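Hi everyone, thanks for making time for this.

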Amino acid sequence: QVQLVESGGGSVQAGGSLRLSCVVSGSRYSNYCMGWFREAPGKEREGVAALETGRGSTWYVDSVKGRFTISRGNAKNTMYLQMNSLKPEDTAMYYCAAAGGQCIYGLQEIGYAYWGQGTQVTVSS
């Protein structure tokens, strides 16, 4: 059974940084589409960043371009989201998601079969 576990959330002031981690276990895939999504109170969940581990392709929502970086760890089952220059509007529950193979749907939820439990990020002004 595939499991995803996120860590690294917390509370920071605007302009600060956080790094989220996601570890995938129980998967038989050699390559993944791995993504980060976030859901703020009263808003729909949105895709933030995605990484196709086979080709190294990445996707970002416009609001985080230049501030967030998605990357893969040395351990192939680990993914990171480095978040710099955080803003109060980045406050949300952040979820790690994964699917085997290619990122056919980019930042759309339909492309992801496996989800973590979420980690809270709070940015104060």
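Let's begin with the largest nonpolar core, which has 28 residues. Please keep in mind that this is a predicted model. Inside that core, the residues with the most contacts are Trp36, Val48, Phe68, Leu81, Met83 and Tyr94. Which elements give two or more residues to this core? They are strand 3 (18–25), strand 4, strand 5 (46–52), strand 7 (68–72), strand 8 (78–83), strand 9 (92–100) and strand 11 (119–124). As a general point for anyone new to this, nonpolar side chains in soluble globular proteins tend to be buried together.

Let's look at one of those core residues by itself. If we set aside residues up to four places away in sequence, Leu81 touches Leu18, Arg19, Leu20, Trp36, Val48, Ala49, Phe68, Thr69, Ile70 and Tyr94. There is also a second, separate core of six residues, and Cys33, Ala50, Ala97 and Tyr112 are included in it.

Now let's step back to the whole protein. How many helices and strands does the protein have? There are zero helices and 11 strands, so the pattern along the sequence reads β-β-β-β-β-β-β-β-β-β-β. The radius of gyration is 13 Å, close to the 14 Å that the globule rule gives for 125 residues, so the protein is as compact as a globular protein of that length. Along its principal axes, the C-alpha trace spans about 45 × 25 × 25 Å.

A few more overall numbers. Of the 125 residues, 42% are buried. The accessible surface comes to about 6400 Å², and 45% of that belongs to carbon and sulfur atoms. If we take contacts between residues at least 6 apart in sequence, 58% of them join residues at least 24 apart.

Next, the aromatic rings. A pair of aromatic rings is described by the distance of the centres and the angle of the planes. How many aromatic pairs does a search of the whole structure find? The search finds four. In one of them, the rings of Tyr29 and Tyr32 have centres 6.3 Å apart and planes at 70°, so this pair is edge-to-face. Is Tyr32 buried or exposed? Tyr32 is buried, with a relative accessible area of 6%, while Tyr29 is partly exposed at 30%.

Phe37 and Trp115 make another pair. Their ring centres are 4.8 Å apart and their planes are at 55°, so we call this pair tilted. This pair links distant parts of the chain: Phe37 is in strand 4 (residues 32–39) and Trp115 is in strand 10 (residues 114–115), 78 residues apart. Phe37 is buried, with a relative accessible area of 0%. Trp115 has 27%, so it counts as partly exposed. Ring pairs also bring in Tyr112, linking Phe37, Tyr112 and Trp115 into a cluster.

Arg19 is found in strand 3 and lies over the face of Tyr80, at 4.0 Å from the ring centre. How accessible is Arg19? Its relative accessibility is 44%, so Arg19 counts as partly exposed. Leaving aside neighbours within four places in sequence, Arg19 is in contact with Ser7, Gly8, Tyr80, Leu81 and Gln82.

My last stop is a pair of loops. Gly16 is in the loop between strand 2 (10–13) and strand 3, and Ser85 lies in the loop between strand 8 and strand 9. Not counting residues up to four places away in sequence, Gly16 touches Met83, Asn84, Ser85 and Leu86. Gly16 and Val121 are 105 residues apart along the chain, and their C-alpha atoms are separated by 12 Å.

Ser85 has a positive phi of about 50° although it is not a glycine. At 40% relative accessibility, Ser85 counts as partly exposed.

Note on methods
Residues are numbered from 1 along each chain as its sequence is written. This is a predicted model: local features need pLDDT of at least 70, side-chain atom pairs count only at pLDDT 80 or more; totals for chains, interfaces and linings use all residues. Side-chain values use heavy atoms; hydrogens and water are left out. Rings of Phe, Tyr and Trp (its six-membered ring) pair if their centres lie within 6.5 Å; planes under 30 degrees apart count as stacked, over 60 as edge-to-face and the rest as tilted. Buried means under 20% relative accessible area, exposed over 50%, partly exposed in between (1.4 Å probe, protein chains only). Helices (H or I, at least four residues) and strands (E, at least two) are DSSP runs, numbered from the N terminus. A charge sits over a ring if NZ of Lys or CZ of Arg is within 6 Å of the ring centre and within 35 degrees of the ring normal. A nonpolar core is a set of buried Ala, Val, Leu, Ile, Met, Phe, Trp, Tyr and Cys residues joined through side-chain atoms within 4.5 Å. Contact means heavy atoms within 4.5 Å. The radius of gyration is taken over C-alpha atoms; the globule rule is 2.2 Å times the number of residues to the power 0.38. Accessible areas come from the Shrake-Rupley method with a 1.4 Å probe; for residues, only the protein chains shown count as cover.
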